[in-house]
Every structure is written in C-alpha cells, then in structure tokens.
Amino acid sequence: MSRRLRRFYAAARRQWRRSLQFRVVGITLLLSAILVSAFGYTVASLISQGVLRTQVDTSEDQILRGAREATKQLEGYTQADDPGLPGKMRSVALDLATSMDNPDSEVVILRQGTPGAASPDNGTATVMQQSSMRQLRESVVSGRKPGTWQQIETLDVGRGPTRFLVIGTPIITGGQPLELYYLLPLKAENDLVEFVALVVTATGVALVALLALIAATMTRLVVKPVRVAARTAQRLSAGLLDQRMQVKGEDDLARLAAAFNQMAANLQRQIVRLEEMSRLQRRFTSDVSHELRTPLTTVRMAADLLFAYRDDFDPAAARSAELLQAELDRFEDLLTDLLEISRFDAGFAALDAEPTDLAPIVRRVAERLEPLAERCKVPLRVEAPEDGAIAEVDPRRVERVLRNLLGNAIEHGEGKPVVVTLAIDEAAVAVTVRDHGVGLKTGEEKLVFNRFWRADPSRARQTGGTGLGLSISLEDARLHGGWLEAWGAPGKGAQFRLTLPVRSGDRLVSSPLRLVPDDARADEAALIGETP
C-alpha cells in the first residue's frame, strides 16, 4: 500500500510540475473547498445556534410556569420530614410531565442537599445524581431568586444515550428548598441540524466540483493553444521549419498564434540565410585552402632551396631564409588545420576506430615534445599503467589531441612540472594533462576551446601554434563520443581531461580520472578549514 501511495504521490507531483491546467484546477479546488467549508460551517453553526436558542427560550417559559405551579401545590408542606412530601413531589412531577408538549420529556424534582427526588421515572432521578450534572445543580442550588440554568448533556434515561437540554430552576417553598429540572430531548433539533449539515455538505461538494469543472474548462481554452505552440516550437527546434500554428478567430489567442507564425517564418528565413552563408563560408575556406596549396608548394620549393644554401649568404640573408622557412611551416600547419576545421563544419569528418593501446601513444607524444619542454625548462612526467590501456579509438586523432594538449601545457607551464596521467576502467579511458603555470580565470575553461582564442593576446607563442588546436581537439573528442574538459585557477595552473569510451559508440557516464586535480582539492579543503 505504501508503495502505491508513493507511486501515486510521485505521479501527482510530476503532473503538478508539468501541467498548468492541473495546477490551476488543483488550486481552484483547494481554495473553493476551503471557502465553501468555512461558509457551510458558519451557516450550520448559525442555524444550530438559532434552533437551540429557540428551544431554550421556550423551555425557560415552560419551566418557570412549572415552577410556579409546583410552588402552589407544595406551599403547604413546611417540614422537610413531612411523610407526604415525597408522594406529593412525585405527583407534581407527573402532572408537569403530562403537560409537556413532547411526551419524551422528563421532569425531576430534587431536594436540595439530600438524595431524595421525585420523578415519574426513578431512573431519570438517578441520572440527575451523576457527576456531569454537578455543576448545573450547584448553579440551581446557589440561586437566591427565580431563574433558569441550562446544560446540554448526553444521558441515558432508559431509552439509550440521548442528547438532552437539561434546564433547572429552584422551587421556593415554605419548607426545604427544592430543585425542578426539565429534561428536553433534542432529537428533532439534532435531526434538523444534521439535515442542514447534509444539505450544506452536498451543496458544497457540488459547488466545488462545478467550480473545478469550470476552472478546467476555462483553463483548457487557454492551455490548449499554449500546448499547440509548445509542440510547434519543439518541431521547429528539431529542424521542421515549415511547422505553423492554426489561427482561429480574432481574439488574443488568435493574435498570439499569428505572431508565433510570423516569428517562425522570420526564423526560418534567417536560419536558411545563415545556413547558406555558413555553407558558402565553409566552401570558401575549403576552396581558399586548396587554392593556396599550389602557390604554397612553389614558395616552399624556393624557400627550401634558399634554406639549403643559407650558409653561403651573409648573416642577414641567412637569418631571413630561416625565418621564411619557419613561417612557411606555420602557414602550412594553418592550412592543414583550416582544412580539418572545414571538414568538421561540413560534417565530412569520419572516425576510423580500431582497438589501440593508448599508453605507447601517450609516451610517443611526450618524447616528441621533450625538446620543446627542455627549451622551455619544463619538467615532463608521464604516468601510465604498465599493462596498457586498450580502447577502440582513432589513433591519429587521439595523438593529435594529446599533442595539442601537451604542447599547450608546456607553453603555459612557466617552467614548472607538467604531468600526463593515463587511466582506464571498464567503460572509459581518460588522459589528464596537468600544468602548474598561469592557470585559467573563472569562465575561461569554456573559452579555451574557441577558435583563435588566447588568454593573453600579448603573449608570444613558443610552439608556433595556429590557434585552432584546442578547437580541433574538441571536435575530435566529440567525434569519438567523448569529453574534452578544462579546469584552471589563477596561479594554480590548469588541467585538461580527455575521456573516451572504451567501446566505440558507447555512451559515457563517468571518467576514471577527476577533472579537478587532487592538489587543488586539498588546497580548497585547507582553505575551507582555515575559514572561521
């Protein structure tokens, strides 16, 4: 049962979050139920009090007349131990009970301070001796002049528990004071109150249901076009740019639908225009890159010839030949990266995945960049499992990603150690490149993958990079279905993490290595511990 309740609660909560109509109907139902309940309770209470007040007023007149009649018949009994007094009290009580309009009413005459009583039914007199009647009797006994006191109590006088209006008054005689009580059943009044409560409850339930139905109907008139607009927007976001809403009438919702359709048409035109411009841009980049190959080849041949005979030139010409050779290498790399970017943009990049041990690739990339690390005075360390890390990847693309990450780390390492870590688990393989250089500011961990972005534009490149390496690396990671992420903090260096699935096509859910390095986590924990 508890499982069903939890399931029902979860479904209701999910519906509450997702459905505007459900929330409006629920709130209307709750507020109308509170309002109708308060109104019904007030009406029932006023009717109940009015009926009871009428009965009390009528009973007060009756008991006062009965007290006067009893005083007349008992005025001759001046002695408390008069042997004829009990019988006369019983006779008077019987006469008063007979004169009552309701035959189920009871009359009791009691002696003050003694257990003696007179009643047509001795059981009724016994009931008056109960502790629940003590407060009423004390009020009657303390009365020094004619008056009435009443109490509503559930009593059993031989016909089962019944709700009575018990009203009492003192009888002033020449002898011992007496107490006169009328026990008036409230069955008719209770039936009336219950009937009124039933009518009010039924009316309230019907009214609440009607209000909920009206709220549901009115909300549906508003929510339905909104739902249609949401579905149309989802289709538009999925690429179905020809989707439109149906316009009916001339009201606010119709104007909303017309405005939505106009917006969709404008977006379609803009998207088509942007796609055409993007296509032309990609084609232009690709064509320019290909067209530059021919003059670049000619210039390369001349530059190679000049570079080969640079020793025969004067020092200035020899230095110019070396600079020309270096810039041609960089220009050639830039053309290669532009062609690769254009293939990614055009969606023509293909993954050639095969089972590959990444440990040799990591070590090979580190060995090739060792001269650059020595020139920058950056210690380089590789941590890889001895038994290797085999995954289905494109080795050429993975090597390019690692080369870009490691070269970037060496360039920004500020002469401090750079650590490359390789780890693998059942689902993923990960490589982190950690440097302890200038680090990244908040928000720059996303910007580093933008094309031609540089944290410090005035900073000279040590590696002669093109500014497209990290962008291409991010596309290579995505092509594998993997992640390429960055972490950094000013003065604490940066760490890049490449995570790829072990089996090509699998979906990643976690990485065997943390993005935030352990030393940075320890520093943060120490800082928190020192904070008061």
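Of the chain's 532 residues, 36% are buried, meaning under 20% relative accessible area with a 1.4 Å probe, protein chains only. This is a predicted model, where local features need pLDDT of at least 70, side-chain atom pairs count only at pLDDT 80 or more, and totals for chains, interfaces and linings use all residues. Numbering runs from 1 along each chain as its sequence is written, and side-chain values use heavy atoms, with hydrogens and water left out.

Switch to cartoon: you'll find 14 helices and 12 strands (DSSP runs numbered from the N terminus, H or I of at least four residues for helices, E of at least two for strands). Contacts here are heavy atoms within 4.5 Å; of those with a separation of 6 or more, 64% join residues 24 or more positions apart.

Now select Ser 473, in helix H13 (residues 469-479). Which residues does Ser 473 touch, leaving aside neighbours within four places in sequence? Show Arg 400, Val 401, Asn 404 and Leu 484. Ser 473 is buried, because its relative accessible area is 0%.

Next stop: Thr 499, in strand S12 (residues 493-501). Thr 499 counts as buried too, since its relative accessibility is 0%. Beyond four places in sequence, its contacts include Ala 428, Val 429, Trp 483 and Leu 508. Zoom in on Ser 511: its side chain makes a polar contact with the Thr 499 side chain at 3.0 Å (an N or O pair within 3.5 Å, within protein one able to donate a hydrogen and the other to accept it, with sequence-adjacent residues counting only if both atoms are side-chain atoms).

Finally, draw a C-alpha distance from Thr 499 to Glu 485, 14 residues away along the chain: 8.5 Å.

How values were computed: Buried means under 20% relative accessible area, exposed over 50%, partly exposed in between (1.4 Å probe, protein chains only).
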